[in-house]
Amino acid sequence: MATVELRFSALPEHVRTARLVAAAVARRAGVDEAVLDEVRLAVGEACTRAVGLHQHGGISAPVRVLLIEEEKQFSIEVGDEAPHAPVLARPAGEVLGDADAESEEDEMGLAVISGLVDDVEVSAGESGGSIRMRWPTTPPAALFT
């Protein structure tokens with residue numbers, strides 16, 4: 001199992017770098033070429049979400065991205081250190097405040113990721129959260145036959 005770890009300051013301009021690194025490592029791991037655009041978009045969305053959570057929360061810790069090559073699958077985990085409160089039901093007709101609007105935007109980001117990736121796990125708690133995405137891989141063709 002090979003792992004690449006990327007940490008970057010929570011600044012929007014670093015998201016592009018994370019996307020490029022993720023696509024390059026996914027390609028090397030054997031993720032189908034036709035899926036690489038989805039990998040890039042999903043990682044970009046997850047990293048943008050983490051950057052936003054860090055900036056809104058005043059968190060100076062870096063965003064972390066783990067790129068994990070396993071047998072027959074490739075995983076990417078994007079983690080943040082923003083405390084996540086449990087989502088509470090809102091009464092019908094209640095006006096959204098700033099925090100609710102951000103929560104709704106966060107839910108939209110997660111919906112986009114779920115639309116791009118079939119195998120997604122989202123975890124969140126008081127010490128931070130993570131989004132883990134998985135794609136199948138195909139073994140490289142033999143060099144000599």
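The structure is a predicted model, in which local features need pLDDT of at least 70 and side-chain atom pairs count only at pLDDT 80 or more, whereas totals for chains, interfaces and linings use all residues. Residues are numbered from 1 along each chain as its sequence is written, and side-chain values use heavy atoms, with hydrogens and water left out.

Thr137 is located in the segment that comes after β5 (128–136), where helices (H or I, at least four residues) and strands (E, at least two) are DSSP runs numbered from the N terminus. Setting aside residues up to four places away in sequence, Thr137 touches Ala29, Gly30, Val31, Glu70, Lys72, Gln73 and Phe74, a contact being defined by heavy atoms within 4.5 Å. The side chain of Thr137 also reaches the backbone nitrogen of Gln73 at 3.3 Å. Such a polar contact is a pair of N or O atoms within 3.5 Å; within protein, one atom must be able to donate a hydrogen and the other to accept it, and residues adjacent in sequence count only if both atoms are side-chain atoms.

Lys72, one of the residues touched by Thr137, belongs to the loop between β2 (63–70) and β3 (73–80). Lys72 is exposed, because its relative accessible area is 64%, and its phi is positive, at about 70 degrees, although the residue is not a glycine. A positive phi, near 105 degrees, is also found at Gly30, which follows α1 and is likewise among the residues touched by Thr137.

Within α1, the buried residues are Val15, Ala18, Ala22, Ala23, Val25, Ala26 and Ala29, and their cover includes β1 (2–8), α2 (36–57), β2 and β3. The packing of α1 against α2 has an angle of about 145 degrees, with the axes 9 Å apart; axes are lines fitted to C-alpha atoms, for helices over the stretch in contact, and angles run from 0 to 180 degrees between N-to-C directions.

Glu121 is placed in strand β4 (residues 119–125) and, at 42% relative accessibility, counts as partly exposed. Apart from neighbours within four places in sequence, Glu121 is in contact with Ser130, Ile131, Arg132 and Arg134, and its side chain makes a polar contact with the side chain of Arg134 at 2.9 Å. The C-alpha atoms of Glu121 and Glu77 are separated by 9.2 Å, the two residues being 44 residues apart along the chain.

For the protein chain as a whole, three helices and five strands are assigned, and they follow the pattern β-α-α-β-β-α-β-β along the sequence. Of its 145 residues, 35% count as buried. Among contacts between residues at least 6 apart in sequence, 66% join residues at least 24 apart.

Methods:
Buried means under 20% relative accessible area, exposed over 50%, partly exposed in between (1.4 Å probe, protein chains only).
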